[in-house]
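Thanks for coming. I will go through a few local features, one at a time, with the picture on the screen.

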Amino acid sequence: MQVLDDAFWRRIEDFDLDQPLGDYCFSIRLAKEQKWTLDFTQRAIIEYKKFMYLAATSDQMVSPSEIVDQVWHQHLIFSRSYSDFCSVLGKDIQHIPSTHNRSEIKKFKAASERTKDLYFKHFGAEPSDIWDETSMHATLKLRKATMKMRSFLLISTLSFIILGIPAFYLLYPIFTHWNNPGFLFFLIIISAFVFLSLSYFNRWYLNKVFWSIKEAPFIARLTPMEVIFLEIPYMNRIVHVLIDRMLKKGSIEILEDKSVQVINEELVDRLDEKLVIEEIKANDNKISFNDLIDKLAVQSQFTQIETSMAALKKYFNRSAAFFKLFMINYFFIAAIFTFGTLRLITGIVRDKPVGILIFLLLVILVV
């Protein structure tokens, strides 16, 4: 491994891209716009700094990964910070975008191979989730569904309607001899059985999928606040988690009048904690606990959690794994609902009371 210029690297590593600190500072804006978790964002920033070290120390062209390039693009927008960073690098590093021109293919391929070699010599093996993947979610290795959910719902619903016509004539003789409350009891029992079976199957299936994706680095590094938000998407609860942690660390305290006060800033070492301190100090240490929670809940440092977790859910919902699960659930529930609906039509045709059946079908639909 090539000897790393430790002092030079330390200056690059210590350069704070989040200065000046604010609710929408560099890392929070980057995370929100890319829909990344904050931990993944911080790791991507470190890899960006490593890349810039290589760019500053190499006399030949080097090439970033797609994820590192996203960080670079974002930093270029923060022109003052980027200019100061180039001063630390001792070199004005220009961003050269690829135009996908055939004449450039060999040049960028050689630069990519050179970067990989230089990285290994200075820093060791590249983290594959940032250097080999095109996005954070790609590390989940979930194949995308081949059909859109809207198309599936339209086709399957039309299929049930079309198949319901011959099914009605086949079941009509049975329904005319199947009196209530026998049918209603049967519908309740079979519905309960299907729902309980699907509930068990869904838990088993989702657990199986989770074990297949849990090795994705960003999944393994989700923060407690992100995990809680996946379970309970309530922003004020997330803020409570952070405030509770700061209270236990002793960086802040709640006074008898329910106001929150800073008591030891030296114990603060995280970006989100620093922004909490800034909010308290902006209110002269006189902000009430409830007001602090409400103000923080709408700030980008917390709404970013909502953005990244919503993107994670959306990515999973578009996967083939989720599509298969949805398809199985839809088939069994639609079959029960169609069966009950055909009984309802039979009752209407025969001028029978159908109020209880309508109620049961509404319950099935809601559940």
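Is F26 buried or exposed? F26 is buried, with a relative accessible area of 1%. Before I go further, please keep in mind that this is a predicted model.

Let me stay with that residue and turn to ring pairs. Searching the whole structure gives 31 aromatic pairs. One of them joins F26 and F78 in an edge-to-face arrangement, with the ring centres 5.3 Å apart and 80 degrees between the planes. F26 belongs to helix α2, residues 26–34, while F78 sits in the loop between α4 and α5, so this pair ties together parts that are 52 residues apart in sequence.

Next, a second pair. Y119 and F123 form a tilted aromatic pair, 5.4 Å centre to centre, with 50 degrees between the planes. Both residues lie in helix α6, residues 102–123, and because they are four residues apart, about one helical turn separates them. Y119 is buried, and F123 is buried too.

Rings can also be linked through several pairs. Which residues do ring pairs link into a cluster? The members are F152, F160, F316, F322, F323, F326, Y330, F331 and F332.

Helix α4 covers residues 66–77 and helix α5 covers residues 79–89. How do they pack? Their axes are 5 Å apart, at an angle of about 110 degrees. An angle from 65 to 115 degrees counts as roughly perpendicular, and α4 and α5 are therefore roughly perpendicular to each other. On the α4 side, the residues that meet α5 are W72, H75, L76 and I77. On the α5 side, they are S79, S81, Y82 and F85. Sorted by class, this contact has five nonpolar residues, three polar ones and no charged ones.

Where is S308? S308 is in helix α15, which runs over residues 300–317. Buried means under 20% relative accessible area, so S308, at 1%, counts as buried. What does the side chain of S308 reach? It reaches the backbone oxygen of I305, at 3.1 Å. Leaving aside residues up to four places away in sequence, S308 touches K35, W36, T37 and E226.

That is the end of the tour.

Note on methods:
Residues are numbered from 1 along each chain as its sequence is written. This is a predicted model: local features need pLDDT of at least 70, side-chain atom pairs count only at pLDDT 80 or more; totals for chains, interfaces and linings use all residues. Side-chain values use heavy atoms; hydrogens and water are left out. Axes are lines fitted to C-alpha atoms, for helices over the stretch in contact, and angles run from 0 to 180 degrees between N-to-C directions. Helices (H or I, at least four residues) and strands (E, at least two) are DSSP runs, numbered from the N terminus. Angles under 35 degrees count as roughly parallel, over 145 as roughly antiparallel, 65 to 115 as roughly perpendicular and the rest as oblique. Contact means heavy atoms within 4.5 Å. Ala, Val, Leu, Ile, Met, Phe, Trp, Tyr, Cys and Pro count as nonpolar, Asp, Glu, Lys and Arg as charged, and the others, Gly among them, as polar. Buried means under 20% relative accessible area, exposed over 50%, partly exposed in between (1.4 Å probe, protein chains only). A polar contact is a pair of N or O atoms within 3.5 Å; within protein, one must be able to donate a hydrogen and the other to accept it, and residues adjacent in sequence count only if both atoms are side-chain atoms. Rings of Phe, Tyr and Trp (its six-membered ring) pair if their centres lie within 6.5 Å; planes under 30 degrees apart count as stacked, over 60 as edge-to-face and the rest as tilted.
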